[in-house]
Amino acid sequence: MKYIEVVAAVIKDDDKFLCAQRKDNKFDYLAFKFEFPGGKVECNETLEECLNREIEEELNTSIHSLNFLLDVYHHYPDFSVHITFFECALNRKQITMLDHKQIVWKSAKELKSLDWAEADIPAVELLCKKYLL
């Protein structure tokens, strides 16, 4: 089974989180699901370098204040993924969607109302616990 190393940005602005909806996908179980933006780590690239590159490629913006949030290991039917989630903030609030169907901003209380990719659910659960005390 294919193994993929991934990073994801949990971008927080005020009390809302950036949630990105995937476009159609060859794997039905990922098509149109919500995720935290990010992508695959390339050879000889640090996690932080990858996340900065992916946010530039997907949202045409940049991030700062990367803080480790969570590691998730998940087995989908066709591949396994290890996602390292980082909490971060935007450098520029202007976003251009280059890789997603839509972007929405949701409070911690609203996060569970979205249809998330399975591997992102542990991050959603942690954020709800952390910010809904």
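Select R53 to begin: its relative accessible area is 18%, so R53 is buried (buried means under 20% relative accessible area, exposed over 50%, partly exposed in between, with a 1.4 Å probe and protein chains only). This is a predicted model, in which local features need pLDDT of at least 70 and side-chain atom pairs count only at pLDDT 80 or more, while totals for chains, interfaces and linings use all residues. Residues are numbered from 1 along each chain as its sequence is written, and side-chain values use heavy atoms, with hydrogens and water left out.

**Salt bridges**

The side chains of E45 and R53 meet in a salt bridge of 2.7 Å, N to O (a side-chain nitrogen of Lys or Arg within 4 Å of a carboxyl oxygen of Asp or Glu). E45 is also buried, at a relative accessible area of 16%.

Select D13 and K93 next; their side chains form a salt bridge at 3.1 Å, N to O. D13 lies in strand 1 and K93 in the loop between strand 6 and strand 7 (102–107), 80 residues apart; helices (H or I, at least four residues) and strands (E, at least two) are DSSP runs, numbered from the N terminus. D13 is partly exposed at 24%, whereas K93 is exposed at 59%.

Then move to K16 and E110, whose side chains meet in a salt bridge of 3.9 Å, N to O. K16 belongs to strand 2 and E110 to the loop between strand 7 and helix 2, so this pair ties together parts 94 residues apart in sequence. K16, with 35% relative accessibility, counts as partly exposed, and E110 is partly exposed at 30%.

**Aromatic pairs**

The structure holds 9 aromatic pairs. Rings of Phe, Tyr and Trp (its six-membered ring) pair if their centres lie within 6.5 Å; planes under 30 degrees apart count as stacked, over 60 as edge-to-face and the rest as tilted. Select Y29 and Y76, a stacked pair with 5.4 Å centre to centre and 15 degrees between the planes. Y29 sits in the loop between strand 2 (16–21) and strand 3 (34–35), and Y76 in the loop between strand 5 (63–75) and strand 6 (79–90), 47 residues apart. Y29 is partly exposed at 24% relative accessibility, while Y76 is buried at 7%. Now include F79: its ring and that of Y76 have centres 5.1 Å apart and planes at 40 degrees, so the pair is tilted.

**Nonpolar cores**

Select F36, F85, L111 and W116, the residues with the most contacts inside the largest nonpolar core, which has 28 residues. Such a core is a set of buried Ala, Val, Leu, Ile, Met, Phe, Trp, Tyr and Cys residues joined through side-chain atoms within 4.5 Å. Strand 1 (2–13), strand 2, strand 5, strand 6 and helix 2 (121–131) each give two or more residues to this core. Apart from this core lies another, of 13 residues, among them V7, L51, I55 and F86.

**Positive phi angles**

Finish at N44, a residue other than glycine with a positive phi near 65 degrees. N44 is in the loop between strand 4 (38–40) and helix 1 (47–59), and is exposed at 78% relative accessibility. S65, in strand 5, likewise has a positive phi, near 60 degrees.
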